[in-house]
Amino acid sequence: MKKIVVSGSASLQTELKDLVENLKNKYIVLDYPKAISIENFENVYPNIHKKFYQNICEADILLLANYDKKGIKGYIGPAGFAELSFAVTQNLNYNKNIEVYILQMPSKNVQCYEEISLWLSLGWVKLW
């Protein structure tokens with residue numbers, strides 16, 4: 001069974017948990033964004049962040065779950081774009097073979113829209 005990491009906004013826990021539950025039928029889910037309490041954030045976040053990137057390296061698939069957020073279709077925030085870029089870079093520079101997907105095409109309001117469009121045309125990223 002292929003291993004998958006789900007990326008996306010941690011503030012969309014309901015959507016992410018539903019997606020992850022559905023994915024567990026077909027994949028081994030290595031990681032996905034989880035809510036971190038504000039009281040414990042500074043102590044917990046560095047290790048969670050590091051482990052998330054390690055899991056991307058171990059994954060067969062990275063899926064950026066770019067759900068609509070803040071009235072923006074296909075929202076991709078800075079962290080999601082960084083994770084997507086990391087997986088693409090692993091493939092380009094380190095001969096990894098991570099399948100990189102986004103859930104939906106972002107709107108032109110998303111700051112990285114042009115890069116995503118280019119990467120889709122180059123085949124570096126695919127629509128789920």
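Read along the sequence, the protein runs β-α-β-α-β-α-β-α-β, which comes to four helices and five strands (DSSP runs numbered from the N terminus, H or I of at least four residues for helices and E of at least two for strands). This is a predicted model, in which local features need pLDDT of at least 70 and side-chain atom pairs pLDDT 80 or more, while totals for chains, interfaces and linings use all residues. Residues are numbered from 1 along each chain as its sequence is written, and side-chain values use heavy atoms, with hydrogens and water left out.

As for burial, 41% of the 128 residues count as buried, meaning under 20% relative accessible area with a 1.4 Å probe, protein chains only. Among contacts (heavy atoms within 4.5 Å) with a separation of 6 or more, 71% come from residues 24 or more positions apart. The C-alpha atoms fill a box of roughly 40 × 35 × 30 Å along the principal axes.

Helix α3 takes up residues 78–94, and its end C-alpha atoms sit 23 Å apart, which agrees with the 24 Å that its 17 residues should span at 1.5 Å a residue (the expected span being 1.5 Å times one less than the number of residues). Its buried residues are Gly 80, Glu 83, Leu 84, Ser 85, Ala 87, Val 88 and Gln 90.

Terms used: Buried means under 20% relative accessible area, exposed over 50%, partly exposed in between (1.4 Å probe, protein chains only).
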